[in-house]
Amino acid sequence: MSNQAELDKLVRSEYSAGFTTSVESDTLAPGLSEDVIRFISNKKNEPQWMLDWRLQAYEKWQTMTSPSWAHIHHPPIDFNEVSYYSAPRSMADKPKSLDEIDPELLRTYEKLGIPLHEQEMLAGVAVDAVFDSVSVATTFRGKLKEAGVIFCSISEAVHEYPELIKKYIGSVVPQGDNYYAALNSAVFSDGSFVYIPKGVRCPMELSTYFRINEAKTGQFERTLIIADEGSHVSYLEGCTAPMRDENQLHAAVVELVAMPGANIKYSTVQNWYPGDENGKGGIYNFVTKRGVCHDNAKISWTQVETGSAITWKYPSVILRGDNSIGEFYSVALTRNMQQADTGTKMIHLGKNTKSTIISKGISAGRSQNAYRGLVRISPRAENARNFTQCDSLLLGDQCGAHTFPYIESRNPTATLEHEATTSKVSDDQLFLCRQRGIETEKAVSMIVNGFCKEVFKELPMEFAVEAGKLLEVSLEGSVG
Amino acid sequence: MTLTESLKAQALEGATAYQQRNDTLSSLRDAGRDALENLPFPDKKSERWKYTSLIKLQDGHLAKQAHKTSELSTADVPDFGGAQLVITNGALPATLPKIDGVIFSTLSADNPSAAKELTPFSGFNAATLQDGLNIHVAKGAQVKQALHIIYVGESDTPASAATRVNVTLDENSAFTLIEHYAGTGPALTSAITRIHVGGNAELTHYRLQSESAETLHISELDIQQQRDSRVRSYQLMKGNVLRRNDVRVWMNEPGADLVIRAVFLARDSSHVDNNVCIEHASPHCTSDQIFKGIAGETGKAVFNGRIHIHPGAKGTDAQLSNKNLLLANTAEIDSKPELEIYNDDVKCGHGTTIGQMDSEQLFYLRSRGVDAEQAKRMLGIGFINELILSLPNEAIAEWARDWLGESL
């Protein structure tokens, strides 16, 4: 570290002797310092190596500056105004019944056709113990254990599988990878850990939703999925229903490791609070997602992004092994004042590696929707192949749709194709639908659904249906 | 001292030689010096210079002025059928050609370039300008004779030469401009061309960059298009030590139409970087661009094509295609087509491909007794021939086929 950085650190550090820890308190006062990290680690009863790892990340973070290259605008975030630890709310604090929940939220649940008890769970209503003990989650857990699949929270895994965590955490997204990843590494609250043993095909779709202690993973989520040789797993993150969430800043990290011949499918539906029509409020979502593919492995990212005031997210695949495959399917919908800068990176290192990128951006209202992607072919990636298609659909004349692809090739046997188009819902299409008695709003949603079909068909079945409904709900009021 | 700091110091040193000159360009040079002092030179972190390093400029090109007198005689220059004008190391000839309907004048403080110096390189250009040229095509003039400007930048030691040409086409006029760069030695050509195309005027523009491999070239081309104007720009270039072309076209009024056809070759250890931005600031304008690139050996070809549709620019049709051939795994092609769109009533698209020569086609030619070298050349010419065939001037097309063919 340079002298200046050391000096800065000294100036920033707080009077450590004056720090008092109230064991009773559930929420830490806002602010970030080494002591805060020690506090978080201590609360989770973490071993020393985990704490050291966090502190290392914190040290790196202090030397970094927040990135400004993305096509998004927001006031600077004061990281000392964020509270970095809040324990799950106790039953007493939670809303007692659905009557206490914002009716707007309930209407959305109804439109999405979510069963009543699930609505309660999503809205954070104190779920009674009886329901919980017979919940689907418990049944699924037993079945997974039978197959040898490890699926638990990352805090649990730190204690129970330290050798796996030590080996793989930060192996795909290093602590100092980027500003938000470094912040996450220092203060991550919780997240999921998945290990699929050799040759095992995971008996069911894994979902954060089924994990029993999924009460609240907090704003700095960390996920690590390891698929051992020849195994197969499909993982669902998020939920089509909007989550009640009061944290404004989210900085998650997801790491995937696909060992030789393994296959990981990671699907996300993100529908956090996007702020009101004037851009007030809403979640800032800064996510680092990356996977490594060894020989003959495959990683497939599918995402449907409709929420958050700001989305900054580039799920990537490092195609390290020969014959490995990376895929990225994305639908990003922005409306009102939402801003999305999302895309992918495909880094081709091995021979005969293949990647496919299909990105569909839909912007409405006064929103800005950008695709930003990188395809890099290294000199030894013989016969690498990439196909990229980025389509944008504009609804309204005040929104923006942008495409920023970076295409870098250093191997003559590689074949790369990139195509981008921009269009609007044509009057002809609308006229045809209207003529057949379909109202405008319904017609637009049909057309948009057709536009996204290529991506939806990559989603697990039930999810695809819900995602379609979600778009419909999100588009309401954007037309006419 | 970092590279950017040292380049700035060298550029300011280069500008000092001109500070005492008291002539019609003094105020322009002062403005250039100001820009140089205030604008930092780009480094690898600068988004628009991500793939092009300025390390090759560290030998002091910016500090010294190219002085060698050209031995180039007009006999060496291919005849494209236009009136020729040779600018040697930034100095205009004693007499300017005569073309009906075209008025030539030297740049002076009364008519400095309308645009401000917005980059350190345009600042450097202004600060070290010896002569500048104004070309004015009169209203309604349909000029048959083309103007063929030959820019010669020559030097035995690292040095630079600045050229600046302002072209104005008045309403309803038509004009053909051939910009031909031919220099040798470690000379940096700092070239700025600013073109204003008036209402319903038509410009045919050629940009032939055939300097030898040891030269350097950093240029800015700025085109302003008014109502219903038409611009056809044909840009052919080979890489050298450092070639960087910034092209920016503004569609200022409705109905403007732009076509760009370009070929860039980066063989051996050469470098070529094209940075193109089309500003669709007005409704119902069209732009159509095709860029074809080839990189071989340790060459590096960079393409950045941005299409920016402003909020009011409804009815825009903007298309961009960038196709590349990569011939070796020591060569590199970096392509970054960008769309920035703020209006829904547009038709916009871009496509990029990077690939290699088709092995089946090569096999076909080999099986008919064509040797490998020749077969590759044939396929290479086949790849760019589409664009060469589109050149309206046959003499240039013929010359270009031979000249580009040499490097395939």
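Q: How many residues does the contact take from chain B and from chain A?
A: This is a predicted model, in which local features need pLDDT of at least 70, side-chain atom pairs count only at pLDDT 80 or more, and totals for chains, interfaces and linings use all residues. Residues are numbered from 1 along each chain as its sequence is written, and chains are lettered from A and ligands numbered from 1 in the order in which they are written. Two residues are in contact if their C-beta atoms, placed from the backbone, lie within 7 Å. The contact takes 29 residues from chain B and 30 residues from chain A.

Q: Which element gives the most to the side of chain B that touches chain A?
A: Strands are DSSP runs of E, at least two residues long, and helices are runs of H or I, at least four, numbered from the N terminus. Strands E17 (332–341) and E18 (346–355) of chain B each give two or more residues to this side. The most, ten residues, comes from E17(B).

Q: Which residue in E17(B) is the bridge partner of A:Ile407?
A: Strand E18 (residues 400–409) of chain A and E17(B) run antiparallel and are joined by six bridges; strands pair if DSSP finds at least two bridges between them. In E17(B), the partner of A:Ile407 is B:Ser335.

Q: At what angle do helices H5 and H6 of chain B pack?
A: Axes are lines fitted to C-alpha atoms, for helices over the stretch in contact, and angles run from 0 to 180 degrees between N-to-C directions. The axes of H5 (residues 372–389) and H6 (residues 394–405) of chain B lie 10 Å apart, and the angle is about 145°.
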